[in-house]
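We will go stop by stop.

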Amino acid sequence: MQNKDRILVAVDTPDVAHAQKLSRQLQGHVGGIKLGLEFFNANGHAGVRDVIHGDDATTPRGQATPNQPLFLDLKFHDIPNTVAGAVRSVVPLNPKIINVHASGGPEMMRQAMAAAKFAAEPLGIMPPMLIAVTILTSMGEEDVDAVGMKGPALDQVVRLAALTQKCGLDGVVCSAREIEAIRKECGPDFKLIVPGIRPAGSDKGDQKRTMTPREAVDAGADYLVIGRPITQASDPIAAVKAIVDDLDA
């Protein structure tokens with residue numbers, strides 16, 4: 001994988017036009033974009049299609065550019081049958097990655113995996129990579145304790161990652177600081193998608209467990225989710241290039 005393809009840009013906005021502009025600017029410069037609950041709840045399937053579709057006025061007539069790879073970050077968490085139905089409903093968007101909460105339990109995760117494969121087959125598309133959220137990277141130790149998960153956050157993350165792997169999912173979302181422990185428990189092929197990535201000198205925002213892109217890749221991250229340092233830059237492509245140059249160095 002080229003280092004540029006590791007980068008998934010978090011486009012956190014309900015504005016279709018703004019998201020579409022960013023997506024088209026970044027097409028080919030990154031591994032994809034991430035659209036989440038704020039965008040999806042405001043705009044639904046139609047909005048997602050508008051953003052990830054590659055064609056625009058600059059495309060030569062009769063030619064089509066590939067769709068922007070999509071991490072559809074909806075974090076499904078409900079009873080197994082409901083989550084399976086939710087997964088089936090978004091597979092036609094052909095996302096590269098979708099996710100569920102590992103705390104939904106093993107039956108929920110297994111049904112979600114089966115639903116992704118079932119929905120993809122008649123469409124002739126690859127099933128999306130299905131990953132699980134362990135503990136949100138916005139949560140610190142005191143937050144973990146407040147919701148009744150006793151013990152260090154890292155212990156909870158590793159336990160939920162192991163459960164996710166046992167259920168047949170492709171990987172987890174985790175903090176960069178949890179990579180080493182998850183790799184030890186789950187091995188080298190388990191995919192790790194890492195948010196809370198902040199280039200050196202940038203604002204941490206609401207992320208409490210952060211790491212720089214270089215540190216995260218050196219630790220073993222597969223994909224880096226990076227938002228504001230790119231989307232709020234005066235030149236998003238230059239911001240991406242600086243990150244990639246650092247990773248390639």
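**Stop 1: strand E8**

Select residues 223-226, strand E8. Tyr223 and Val225 point one way from the strand, while Leu224 and Ile226 point the other. All of these residues are buried. In a regular strand, side chains alternate between the two faces of the sheet. Note that you are looking at a predicted model.

Strand E1, residues 7-10, pairs with E8 in the parallel sense over 3 bridges. Look there for Leu8, which stands opposite Val225 of E8.

**Stop 2: the whole barrel**

Show every strand from E1 to E8. How many strands close into the barrel, and in what order? There are 8, in the order E1-E2-E3-E4-E5-E6-E7-E8. The pairing is parallel. On average, neighbouring strands of this sheet are turned by 25° against each other, direction ignored.

For another pair, pick strand E4 (residues 97-101) and strand E5 (residues 129-133). These two pair in the parallel sense over 5 bridges.

**Stop 3: the nonpolar cores**

Hide the cartoon and show side chains. The largest nonpolar core has 70 residues. Which of them touch the most other members? They are Ile7, Val48, Leu72, Val87, Val100, Ile182 and Ile230. Helix H4, residues 106-120, gives the most to this core, with 8 residues.

Centre on Val87. Setting aside residues up to four places away in sequence, Val87 touches Phe76, Ile98, Ala112, Ala115 and Ala116. Another core, of 11 residues, lies apart from the largest one. Leu8, Ile97, Met129 and Val173 are among its members.

**Stop 4: helices H1 and H2**

Bring the cartoon back. Select helix H1 (residues 16-26) and helix H2 (residues 37-52). Their axes come within 10 Å and cross at roughly 40°. H1 and H2 are therefore oblique to each other. H1 passes H2 in a right-handed crossing.

Show the side chains in the contact. From H1, pick Val16, Ala19, Gln20 and Ser23. From H2, pick Phe39, Asn43, Gly47, Asp50, Val51 and Ile52.

**Stop 5: helices H6 and H7**

Move on to helix H6 (residues 153-166) and helix H7 (residues 179-186). They pack at an angle of about 40°, with their axes 10 Å apart. H6 passes H7 in a right-handed crossing. On the H6 side, the contact residues are Leu154, Val157, Val158, Ala161, Ala162 and Gln165. They meet Ala181, Ile182, Glu185 and Cys186 of H7. Ile182 was also on the list at the core stop.

**Stop 6: Val144**

Zoom to Val144 in helix H5, residues 141-146. Is Val144 buried or exposed? Its relative accessibility is 0%, so Val144 counts as buried. Leaving aside neighbours within four places in sequence, Val144 is in contact with Ile135, Met139, Met149, Gly151, Ala153 and Gln156. For a distance check, draw a line from Val144 to Gly36. The C-alpha atoms are 23 Å apart, and the residues are 108 apart in sequence.

**Stop 7: Asp5**

Go to the segment before E1 and pick Asp5. Asp5 counts as partly exposed because its relative accessibility is 23%. How far is Asp5 from Tyr223, C-alpha to C-alpha? The two are 7.9 Å apart in space and 218 residues apart in sequence. Tyr223 is in contact with Asp5, as are Val30 and Gly31, not counting residues up to four places away in sequence.

**Stop 8**

Finish with the backbone angles. Lys75, in strand E3 (residues 70-76), has a positive phi of about 50° although it is not a glycine. Lys75 is partly exposed, with a relative accessible area of 25%. Next, select Asn94, in the loop between helix H3 (80-90) and E4. The phi of Asn94 is near 55°, again positive in a residue other than glycine. Asn94 is partly exposed, with a relative accessible area of 44%.

How values were computed:
Residues numbered from 1 in each chain as written. Predicted model: local features only at pLDDT ≥ 70, side-chain atom pairs only at ≥ 80, totals over all residues. Heavy atoms only, no water. Buried < 20%, exposed > 50% of the residue type's maximum accessible area, 1.4 Å probe, protein only. Helix = DSSP H or I, 4+ residues; strand = E, 2+ residues; numbered from the N terminus. Pairing = 2+ DSSP bridges. Core = buried A, V, L, I, M, F, W, Y, C linked by side-chain atoms within 4.5 Å. Contact = heavy atoms within 4.5 Å. Axes fitted to C-alpha atoms, helices over the stretch in contact; angles between N-to-C directions. Parallel < 35°, antiparallel > 145°, perpendicular 65-115°, else oblique. Left-handed = near helix turned anticlockwise from the far one by under 90°.
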